[in-house]
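Please read it alongside the structure below.

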Amino acid sequence: MEPRESWAALAAGGVAGVCVDLILFPLDTVKTRLQSPQGFRKAGGFHGIYAGVPSTAIGSFPNAAAFFITYENVKSMLHHGSTSYLTPATHMVAACLGEVVACLVRVPSEVVKQRAQVSPSSSTLRILSHTLYHEGIQGLYRGYKSTVLRECTSVHWCGNWIMLLRTVNEQIPFSLVQFPLWESLKAGSSNASGNVLAALGGIWRTQGLSGLFAGVVPRMAAISLGGFIFLGTYEKTRQLLL
């Protein structure tokens with residue numbers, strides 16, 4: 001992969017990430033508050049719908065850029081000498097590695113953002129400082145495993161066009177697992193240690209099936225619209241830069 005193509009992928013990915021995250025941020029806030037253990041109204045309802053947006057604005061560009069620069073480079077390396085029938089597998093491997101790298105940026109941003117969304121009276125900086133003081137760096141990576149698992153199991157690739165087909169049964173439960181992992185007590189609970197299965201079991205026991213699928217409507221709306229905005233912006237920006 002030529003340096004020009006790498007820079008184009010990095011810039012286009014960053015621009016696409018910022019566009020989709022800022023445009024669809026209100027839907028994400030509604031989804032997060034519907035999934036909050038304290039309930040939609042107590043979490044803020046429709047008040048302060050852009051709470052936590054600074055975290056998203058700062059993290060969107062490096063997050064999307066990290067994904068696409070990794071994806072394009074890994075895809076380029078694996079394509080050499082590979083047969084045509086292995087192309088889908090090549091794209092899947094490249095995408096999974098891209099998600100692993102991108103989540104190093106995405107998860108801390110998501111932790112701060114989601115905590116701000118259910119505490120609209122607290123500033124993003126205050127939440128970041130509180131998390132670092134009480135939980136350290138590891139506190140910013142609550143839910144990292146579930147996020148990587150969610151992204152890697154819900155991304156499918158078709159040809160050279162990136163098709164993010166995120167189905168309800170893959171996305172919603174894993175999105176909901178992240179919240180109790182991040183919002184659990186600092187010590188003494190299985191959720192605080194990052195146990196995904198324990199978090200799922202706790203949600204099932206307390207809220208049942210409906211709890212696992214809380215926020216399904218705004219999530220599906222964000223995924224549907226996000227695919228058009230994200231991929232369209234990426235391809236258009238990349239074409240302009242090459």
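K75 counts as buried because its relative accessibility is 10%, where buried means under 20% relative accessible area, exposed over 50%, and partly exposed in between (1.4 Å probe, protein chains only). The model is predicted: local features need pLDDT of at least 70, side-chain atom pairs count only at pLDDT 80 or more, and totals for chains, interfaces and linings use all residues. Residues are numbered from 1 along each chain as its sequence is written, and side-chain values use heavy atoms, with hydrogens and water left out.

**Salt bridges**

- Seven salt bridges are present in the structure, each defined as a side-chain nitrogen of Lys or Arg within 4 Å of a carboxyl oxygen of Asp or Glu.
- Side chains of opposite charge can pair when their charged atoms come close.
- K75 is bridged to E72, with 3.4 Å between the closest N and O atoms.
- Both residues of the E72 and K75 pair belong to helix α3 and are three residues apart, about one turn of the helix; helices (H or I, at least four residues) and strands (E, at least two) are DSSP runs, numbered from the N terminus.
- E72 is buried as well, because its relative accessible area is 8%.
- A salt bridge also joins the side chains of E99 and R106, at 2.9 Å from N to O, and both of these residues are buried.
- Between E135 and R115, the side chains form a salt bridge of 2.9 Å, N to O.
- That pair links distant parts of the chain, since E135 is in helix α5 and R115 is in helix α4, 20 residues apart.
- E135 and R115 are both buried.

**Nonpolar core**

- The largest nonpolar core contains 16 residues, and F67, F68, Y71, F230 and Y234 have the most contacts inside it.
- At least two residues of this core come from each of α1 (3–23), α3 (53–79), α4 (87–117) and α9.
- Helix α3 gives the most to this core, with five residues.
- The term nonpolar core denotes a set of buried Ala, Val, Leu, Ile, Met, Phe, Trp, Tyr and Cys residues joined through side-chain atoms within 4.5 Å.
- In soluble globular proteins, nonpolar side chains tend to be buried together.

- V101, L104, L132, I137 and Y141 make a nonpolar surface patch of about 400 Å².
- Patches are made of residues with over 30% relative accessible area and no salt bridge, with like charges joined within 9 Å and nonpolar side chains (Val, Leu, Ile, Met, Phe, Trp, Tyr) within 5 Å; accessible areas come from the Shrake-Rupley method with a 1.4 Å probe, and for residues only the protein chains shown count as cover.
- L132, from this patch, lies in helix α5 (residues 124–135) and counts as partly exposed because its relative accessibility is 35%.
- L225 lies in helix α9 (residues 216–241) and is partly exposed because its relative accessibility is 45%.
- Leaving aside residues up to four places away in sequence, L225 touches L24 and L27, where contact means heavy atoms within 4.5 Å.
- The C-alpha atoms of L225 and V20 are 8.6 Å apart, although 205 residues separate them along the chain.

**Cysteines**

- Zero disulfides are found in a search of the whole structure, a disulfide being a pair of cysteine sulfur atoms within 2.5 Å.
- C19 counts as partly exposed because its relative accessibility is 27%.
- C96 counts as partly exposed because its relative accessibility is 27%.
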